[in-house]
Amino acid sequence: MSLAAPFAAPFAAALFCDVAVAPAFVRLPRLRTSVGGEDGAGDEPVFRHGGPRIRARSASAGGGRASLAVSQLRRRKEGGSSATRGCAALSSGNGADSRRVSGGDFVVVSFYRFVRVENPEEEVAKHLAFLKDLDIHGRIYLNAQGINAQYSGPLADARSYFEWLRENDRFSDILIQISPALSGHAFPKLKVQFKPLVQVDGGIAHLPLLNTSMRATPLEPSEWKKRVVALSRSRDASSGNVDSDCIILDLRNGYEWDIGHFQGARRPEVDCFRSTSFGLSETEVNDSDPLADVNKEKTDVLMYCTGGIRCDVYSTILRKKGFKRLYTLKGGVSHYLENEGPVEWVGNLFVFDSRLSLPPAAYNPRSATQTCDLQHAIKNEKFAKCYLCGSVVQELRHRNCANLDCNLLFLCCPDCVSSFRGCCCSTCMTAPRLRPVLPGHQRYEKWHLYRDLEIQPS
Ligand SMILES: [Zn+2]
Ligand SMILES: [Zn+2]
């Protein structure tokens, strides 16, 4: 299915990114906000009608906050005296001078765990009670299979919540991922709900997600790096032919791949994770299925997603289909970028919150000094291309169609923004409720401000 018209997106956006598709994509984004869904969970940016949750926030954050060093944050946390509680080290882009920032600086936190939860609805109430005095926005899903959370808040509040969670033995070693929020909350409000942790057609309640042997074997980022570097070398040595005993599987959506991916990973022809069907067909050989010709017994499938949860779920489905050699990137791309930098990674990482896209340097300031050969990726017909004219976009960030009733999230070059007046197609240009064309660095105001207005094209 294409990203085109029928998806009228609530997925708010605004194009705001200074991250150039140039060898030194080190300019940190002066991000403003808008809203999406999250990694694999229910509010993935399916492009549909409904109440777009568009956030409008004045942009006060600059590149400094974007260079927050997550690893330093964590180290500081471990020290945690009452005097330092709520403080963290920030590093400048070159990592040379660090300075303290207060717990009032906003961060985005994500974590998940599959674990048996006896009374999940009671658990929801407990979490809500704990969170009521904290300035936390985001989506926290709990059910009998565990927890999946993405949220934003001032560092001190964000930390209070996950430290409280870690007091419970079942979560004491949970992987917490933190990234800079850049300009206040990255989510419009707080939702703590009893619901499936990830949305997949057919549901996941029946899947043996608590049985780790049914999931892909997690690879630490350093192990993953070794594998992808070795694959890259073998590709080079064989003039581009892929090692048939190993495949890199991007388990995200096509639009995520379009702004950043691992070298050698095919673009997933999927617009919504819940309908992913790679490797599931028993009979048809579908060219768009990267697992169609894969030997289930012999081929190593190296699968990755943003934070890891989609792979954990989907690998369980593939196990049931007979795939034996499944590996996943522990903690997903975000954990990888933080620990290894963008080795074999090209572009930015799509994120399911108002930031939409983060450069590797947001996860690891040292990345700012690393160059990346984007030229190879740019040769691909989809990567970093304007969805309208196919030219290379300099800003690896989607924007929303100016047609309020479309709101499609799409990549667009400045020329097409101008000639299509911020719309995704000529049909949308004649739609009755057109919002004004915003400069690339701005985003639309809250959806309800436009909803009842007759806005004429400028
Ligand atoms: Zn264009
Ligand atoms: Zn449109």
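Let me begin with a term: two residues are in contact if their C-beta atoms, placed from the backbone, lie within 7 Å. What we have here is a predicted model, in which local features need pLDDT of at least 70 and side-chain atom pairs count only at pLDDT 80 or more, while totals for chains, interfaces and linings use all residues. Residues are numbered from 1 along each chain as its sequence is written, and chains are lettered from A and ligands numbered from 1 in the order in which they are written.

With that in mind, look at Leu249, which, leaving aside its neighbours within four places in sequence, is in contact with Ala265, Phe278, Pro290, Val301, Leu302 and Met303.

Now to strands, which are DSSP runs of E with at least two residues, just as helices are runs of H or I with at least four, numbered from the N terminus. Strand E11 (residues 300-304) and strand E12 run parallel and are joined by 3 bridges, where strands count as paired if DSSP finds at least two bridges between them. In this pair, Val301 stands opposite Leu326 of E12.

On its other partner, E12 is joined by 3 bridges to strand E8 (residues 217-219), again in parallel, and there Pro218 stands opposite Thr328.

Finally, helix H8 (residues 332-340) is mostly covered, with 8 of its 9 residues buried.

Conventions
A residue is buried if 20 or more other C-beta atoms lie within 10 Å of its own, exposed if 12 or fewer, and partly exposed in between; C-beta atoms are placed from the backbone.
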